[in-house]
Amino acid sequence: FNPKLITPTGLVSDVPRMAKTYNDAVRKMNVSIGSVIAAYSGLSSNNLIDLPTGIRGKHIEAAIRQKVRQISTGSYLDASYLFWAQAHPSSADSQRNYFYTQAVPKSILNSFMDALIQASLRPRLVDYKYLALARAVGEPQAVVLHVEFPQMEIVTLNDSIPKVKSVQLEK
């Protein structure tokens, strides 16, 4: 894998080469391409929002979008994909539901998806990496260390809200 294929913001700079990288990796692992779940971890903007508890089902996403639109500036939400997960603040008002949101610029996520599609990978789910991690851990408070030399990510979950710190490891 060549890290120069992805810019620091998460934009895939060379879609055909990244597609080949994905394709080669999947082929080497001998996995079904129908079982792909993609997790994005580049540039994003986050918010913690609260909604009344009476909002349920399909109405939650519309209410989240409306609330994020109220607190954001300009039309950045129109140019972004919105990911969200329920948060569990310890001092939460029982009459409110809390959600942690991540807005990812469409241009960046589209380059990631273009590379997957060119690699003949059709993810059945695309999620924001740290929200997916928070859901997988299933605990409102946790520390997760992800070591991939020469870097380590320290992900802390506080009230189910992920915070990430990257650290360069020395040889």
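Reader: Trp84: buried, exposed or partly exposed?

Author: Trp84 is partly exposed, at 29% relative accessible area. Buried means under 20%, exposed over 50%, and partly exposed in between, with a 1.4 Å probe and protein chains only. This is a predicted model: local features need pLDDT of at least 70, side-chain atom pairs count only at pLDDT 80 or more, and totals for chains, interfaces and linings use all residues. Residues are numbered from 1 along each chain as its sequence is written, and side-chain values use heavy atoms, with hydrogens and water left out.

Reader: And Phe99? Buried or exposed?

Author: Phe99 is buried, with a relative accessible area of 2%.

Reader: How are the rings of Trp84 and Phe99 set?

Author: Their centres are 5.5 Å apart and their planes stand at 80°, so the pair is edge-to-face. Rings of Phe, Tyr and Trp (its six-membered ring) pair if their centres lie within 6.5 Å; planes under 30 degrees apart count as stacked, over 60 as edge-to-face, the rest as tilted.

Reader: Which parts does that pair tie together?

Author: Trp84 is in strand S3 (residues 80–87) and Phe99 in strand S4 (residues 96–105), so the pair links parts 15 residues apart in sequence. Strands (E, at least two residues) and helices (H or I, at least four) are DSSP runs, numbered from the N terminus.

Reader: How many aromatic pairs by this rule?

Author: Six aromatic pairs. One of them is Tyr40 with Phe112, edge-to-face, 6.0 Å centre to centre and 65° between the planes. Tyr40 lies in strand S1 (residues 37–40) and Phe112 in helix H3 (residues 106–118), so this pair ties together parts 72 residues apart in sequence.

Reader: Are Tyr40 and Phe112 buried or exposed?

Author: Tyr40 counts as buried at 3% relative accessibility. Phe112 is buried too, at 11%.

Reader: Which residues form the aromatic cluster?

Author: Tyr22, Tyr40, Phe83, Phe112, Tyr128 and Tyr130 form one cluster.

Reader: New topic. How do H1 and H3 cross?

Author: The axes of helix H1 (residues 15–29) and H3 come within 8 Å and cross at roughly 55°. Axes are lines fitted to C-alpha atoms, for helices over the stretch in contact, and angles run from 0 to 180 degrees between N-to-C directions.

Reader: Which residues make the contact?

Author: From H1, Val15, Pro16, Met18, Ala19 and Tyr22; from H3, Ser111, Phe112, Asp114, Ala115, Leu116 and Gln118. Contact means heavy atoms within 4.5 Å.

Reader: Last one. What does Ser80 touch?

Author: Ser80 touches Ala103, Val104, Pro105 and Lys106, leaving out residues up to four places away in sequence. Ser80 is buried, at 6%, and sits in strand S3.
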